[in-house]
Every structure is written in structure tokens, then in C-alpha cells.
Amino acid sequence: MKTKMLSAKDTKVAADILSMGGIVAIPTETVYGLAANALNENAVKKIFIAKGRPSDNPLIVHISSIEEIHSLVQELTPEAVKLANAFWPGPLTIILKKSKTISDLISGGLDTVAIRMPAHRIAQKIIKEAGVPLAAPSANLSGKPSPTKVEHVILDLAGKIDAIVDSGTCNIGLESTVVSLCSKIPKVFRPGAITIEQLESVLGKVEIDSAVINRLDENSKPISPGLKYKHYAPKVKVVVLNGSKKQYIDYINNNKTNKVAALCFEEDVKNLKVPFVTYGTEFDPSSQAEKLFDALRGLDKMKDVNLVYARCPGKFGVGLAVYNRLIRAAGFNIINL
Ligand code: TXA
Ligand code: MG
């Protein structure tokens, strides 16, 4: 299939392709999404095929105004209204009990549905012009880092989807925070740019699912299917080094094995004696979030490297989201220094 390259002013073309049952990669403020009409099962099926996505991993449904949510969920609960008022449009996905409008294909067979109203101007325009809610997972091949630049989408999906809307780089760089309102205490399944502290300021106590920072054992069934899949992993082996800047630098510079590289912060570069890729600066987790996925893809472009030592980010605020993605990319290989 020939994939059409569209620009930010071609929203109507993108919307028409979506209305006719096609699949289109669109920019959002978090990462690029691979969109289809959420009400058209055939179109949604194409997403799973293009990404190679397991069918039990449910999709997020994207809306452009709050009115659109009513037909998608059983009840817009008071907590959901509070969250929507505080954080929509924006990088927050809310899980509620689904209505009959939501197919099992979208919900991965669960009785819930994940909904997000993106803040990105182009995404909003495309949803409005398509006139339907859009199912959209991240626009990467399943298992790869999510795409934050149009070239990542092209690399993974050109030839497999109808069109790609090019709108440069996504400024947040990590996928949305996912919070479920289906349990007594709201539960975060995936941390993101909307932090636990921000959610608690609106909802009171919020729980964090244990799979956010721990490896699931082989047989346990996660409450959010996405948590169980190997994710974000570059081809090269990554190990996270948890310690101070000095411990990190010393560990790497003293290591005797060849072919080692560093995935580090800007500040570390001048002290390191090995090749490196940076992901942001030490005390600015938003800069780490923005750069991480591109940096992970960058590791695979390095020649003659077979082990990467990653600097461990702080685990607070947006840092928790960075940590959550990085430990998955490292297959939970962490060394405490
Ligand atoms: O920022 C984002 O959320 C991006 C942009 C495109 O909006 N989308 C995205 O979608 O990251 P995806 O499919 O790559 O990740 C959705 C995550 C998966 O981990 C999935 O398992 C979880 O949300 N999820 C979706 N629906 C769910 C549900 N009903 N219950 C539990 N988890 C759900
Ligand atoms: Mg994804």
C-alpha cells in the first residue's frame, strides 16, 4: 500500500480517509497515534494488523468535546467530570465502564473503555472533521518505542497504513497518564505528564498499580493488558544503573568490557569515556520525557555497541513516567550502585 504523506493543513483529507474506513497516523501532544473510526470494526481491525498488536490489548478512544463521551460510557461519573474539567483537553486517559457502542475489539474483551481528549490542535481538528470518535494507539510497531517524530512513524508504518500527517515533534514525548475510575479508589495504570500529585489534588487518594514499577510474574494477569507486553525495547541490551551521578560515571568508566555505551543526561557527557546518547537533563524530567523515545531509537543506530548503561531518572512527578518506560526498555534489568 502506498502511504500518503500529509501536512498539518491537510486535516480534511485525513478526516475523509478516516470516514471511509482508512487508518491514518496523526500527531498528538504526547506521541503520534494510529487512528481509525472507533465505530467501524473493520477500520479498527486494520490498526491491530498494521501494528502487529495483540488483540487483547485495548485501544484508547479519542474525542474532541465532552458531549461525545456520553454514548461511549455507561455513566460519566462525578470523578470523571472533575478530571475532565481539570485536565482535558490534555495528556490524560480515563477508564470507565463501556457502553454497547464500544466493540470488544476496542476494549480487548474488557467491560471498560479508555477515553482521552487530546490537546493537540491538529488532532482535535481531525476528530471534529471526521465527526466520529477515533480509536488510536501509539503509531509504532508493537513493542517498539512510541513515535515522537514523524520519521519514527515512517520507519515503522510506511507502506502499511493509508496516510501520515506530519506535524513535527510531539512536545510531551511520553504517552498519556492512564487512570481507571472503575475501582473504589482511582488507580493509575500508566504514569504520564499528568502526575499522581495532580490527580490526587482533584480526586483525593489515588493508587498506583503495582505493575507500573514492578515486573509482572509470568502467570499473573494484569488489570491493564498493555502492562504485560515487552515494550519500548531497542535491539541492544539496556541496563539501568540506579545511583548518583558520580557512581554512574565511575561504574561506566571503570568497566572493562568493550562495546559499552551510555544513555545519559546532558550533564554526564563531559565526564564519560564511552559513546553516548543523551535524554534530557538531570533535574528536568519533562526534558527526559520529551527525548527518551527518540534516544532509545538512537541507540540502535550506534555501531559496535552491545550493552548500554542507562542513567536512572528520579521517580517523582513526571520522572515516574520516565522511569516506568525506561525500566521496560531495559527488560527490568536494574543494577543498584
Ligand atoms: O498518549 C497516548 O495515550 C497515546 C496517544 C496516541 O493518544 N496513545 C497510546 O495508546 O499510548 P496505546 O494503545 O499505545 O496505549 C494504551 C494503553 C495500553 O497500555 C492499554 O493496555 C491501556 O492503555 N488500556 C486501554 N484501554 C484500557 C482498558 N479498558 N482497561 C485497561 N487498560 C486499557
Ligand atoms: Mg503503545
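Two strands pair if DSSP finds at least two bridges between them, and strands themselves are DSSP runs (E, at least two residues) numbered from the N terminus. Keep that handy for the tour.

You're looking at a predicted model, where local features need pLDDT of at least 70, side-chain atom pairs count only at pLDDT 80 or more, and totals for chains, interfaces and linings use all residues. Residues are numbered from 1 along each chain, chains are lettered from A and ligands numbered from 1 as written, and side-chain values use heavy atoms, leaving out hydrogens and water.

**Stop 1: the sheet.** Color the strands: 11 of them form an open, mixed sheet in the order S1-S8-S2-S3-S7-S4-S6-S5-S9-S10-S11. At the edges, S1 (4-7) and S11 (207-208) each pair on one side only.

**Stop 2: S3 and S7.** Select 33-37 and 134-135: these strands run antiparallel, joined over 2 bridges. Click on alanine 36, and you'll find alanine 135 of S7 opposite.

**Stop 3: ligand 1.** How many residues surround ligand 1? There are 26 (each with a heavy atom within 4 Å), and Thr30, Asn57, His62, Ser176 and Ser224 are the closest. Strand S6 gives the most to this shell, with 4 residues.

**Stop 4: polar contacts.** These are pairs of N or O atoms within 3.5 Å. Show the side chain of histidine 62, with an N or O atom 2.6 Å from a ligand 1 oxygen. Then try arginine 53, at 2.8 Å from an oxygen of ligand 1, and serine 138, at 2.9 Å.

Key. A polar contact is a pair of N or O atoms within 3.5 Å; within protein, one must be able to donate a hydrogen and the other to accept it, and residues adjacent in sequence count only if both atoms are side-chain atoms.
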